[in-house]
Amino acid sequence: MIQDTLLAFGAAVLQAGGMLAVAPLLKTAIKKMKARLQNRKGPPLLQGYYDLAKLLRKERVRSETASWIYVAGPRVYFAAAVAATTLVPVLYAGAPLEAAGGILLLVGTLALGRFALATAALDTGSPFGGMGASRDMTIAALAEPALMLGLFASALAAGSLSLGVMVRGLLQQGLAFHPSDLLAFAGLFIIVITETGRIPVDNPATHLELTMIHEAMVLEYAGPDLALVEWASALKELLYLTLLVDLFLPAGMATSVAPVALLVALLAWAGKIFVLAIFVTVAESTNAKLRLFRVPELVSVSLGLAFLALAIRFL
Amino acid sequence: MTVNVLILCAAGMLVSALLMVGQKALFTAIRLYGAQSLLLAIVAATIAISEGRHELLVTAALTVTLKAILIPWFLMRTVDRIGIHREIEPFLNVPASLLICLGLTVLGYRVSTGFQEGARGVSHHLIGVALSILLIGLFLMVTRRKAITQILALLTVENAVFLVAVGVTTGMPLIVELGISFDVILAVLILGILVHRIVDRFESMDVSRLSNLKG
């Protein structure tokens, strides 16, 4: 019993560490592909790591009016993102801390991180922080139910809220699609774009006050605090893409801990994440940023698709 | 495998119809229609290969050339020439129309179980999706003001009917299919000219202004 628990924690640490190590690479890869589409050369693939190293070496700069909430914000955000990665199956068809909870805990953990960052943004009283926080929450209030509905559509097919059970069920039944799968995928893909602050919703490369959402929230942060936020955001992006892979095409995942199976699973996972990253890049390059007041329309489309995915399962 | 391709393509058509409801840019709507027609062609080609009905390959080829390439190109040219790119004010806003379309989709799916073939398997999904797209198309036709969107809605309805004809029945004679295809292309051409006339007269594509003509 104790051995099992230790094993689970060991796997959780390994998985979280691995995901943390890969996350900056994904972010830079998307940046690079986007640059290529615009006929630019783009940053070197390791730029994400250089940026993090640079930020971590800098000294802390904090506003005099900031309270402990400001200090806690990035830390809770980072911790929540790391905790969430241990709840999702990545290589092995089962999450390390599967016993802790399923999709409800996952969504809740991510919401906790968002809450911490939004409160921290309000803490210094700078107008940008408040604006960013209110925008982020406006969108999140719509995106979160859509995320839940999309996840529930898959949970309904598996008959369980646990991600591990869902993935194992999908692996067992092989390639057999239901129309609701595609609807849920389309809905969740829009949510991924929304939650990771990509272009139709938010622009990760701008500090223009009229349009920024996520960047406005973290405008006050510098040095190691900013590094934590950036790293956690990259991790969240990788996490969402992994979630899509898990729920809609888990083929290739390891069902045993044999080294060969894990290696195959690693290659399959990397390949699938890469393909999804191409999707994200194309979506970001071919769309113009939406006006803020039109964003709820986009999110309501994904809410509709996710709802329909759930409803069609019953018909 | 065949079943998976059919189901994914049908679901893709439904998603494209819903996305058409969810946004207002005319170019995107035209591209979505092109993608939808392409998926329809894939459905036809898959059935042609898996069931050995080779005449369906002709249907698929016709669908690709006419509905996925020619008609979208013609409509985009029309939009480009008249220089009106957005559906500014539909009669219903996006969230409300989406809600109604959700209801229509559920209704279409529910009704499909009433057909003898519609109660099970792939044809359940094909009929369900087709009925849903049909209802969504009709809904778009009555709630949008721009003539181009209404043409697209009409074409979407036609796609839905085609999906049932190809996917569930034993198919139409080739001559009928050719006739329908030419009907569609003629309809689009005439409607395109009509759009030009409407824009010339009213300097807007808003068909609700046509009622100004009443004496």
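Q: Which residues touch the most other members of the largest nonpolar core?
A: In this predicted model, Ala10(B) and Leu163(B) do, within a core of 160 residues. Helix 9 (residues 223-248) of chain A gives the largest share of this core, 16 residues.

Q: What makes Leu163(B) a neighbour of other residues, and which ones does Leu163(B) touch?
A: Two residues count as touching if their C-beta atoms lie within 7 Å. Leaving out residues up to four places away in sequence, Leu163(B) touches Ala10(B), Met13(B), Leu40(B), Val43(B), Leu126(B), Val129(B) and Ala130(B).

Q: How many residues of chain A are in contact with chain B?
A: 18 residues of chain A are in contact with 22 residues of chain B. Helix 7 (179-195) and helix 11 (295-312) of chain A each supply at least two residues of that side of chain A. Helix 11 gives the most, with nine residues.

Q: What kinds of residues make up the side of chain A that touches chain B?
A: They divide into 14 nonpolar, three polar and one charged.

Q: How do you know that the length of helix 5 of chain A agrees with its number of residues?
A: Nice one to check! The expected span is 1.5 Å times one less than the number of residues. For the 32 residues of helix 5 (residues 127-158) that gives 46 Å, and the end C-alpha atoms are 46 Å apart, so the two agree.

Q: Where is the kink in helix 5 of chain A centred?
A: The kink, of about 30°, is centred on Ala140(A). After helix 5 comes Gly159(A), with a positive phi near 75°.

Conventions:
Residues numbered from 1 in each chain as written. Chains lettered and ligands numbered in written order. Predicted model: local features only at pLDDT ≥ 70, side-chain atom pairs only at ≥ 80, totals over all residues. Helix = DSSP H or I, 4+ residues; strand = E, 2+ residues; numbered from the N terminus. Nonpolar A, V, L, I, M, F, W, Y, C, P; charged D, E, K, R; others polar. Bend = angle between axes of the 7 residues up to and from the residue. Core = buried A, V, L, I, M, F, W, Y, C linked by C-beta atoms within 7 Å. Buried ≥ 20, exposed ≤ 12 C-beta atoms within 10 Å, placed from the backbone.
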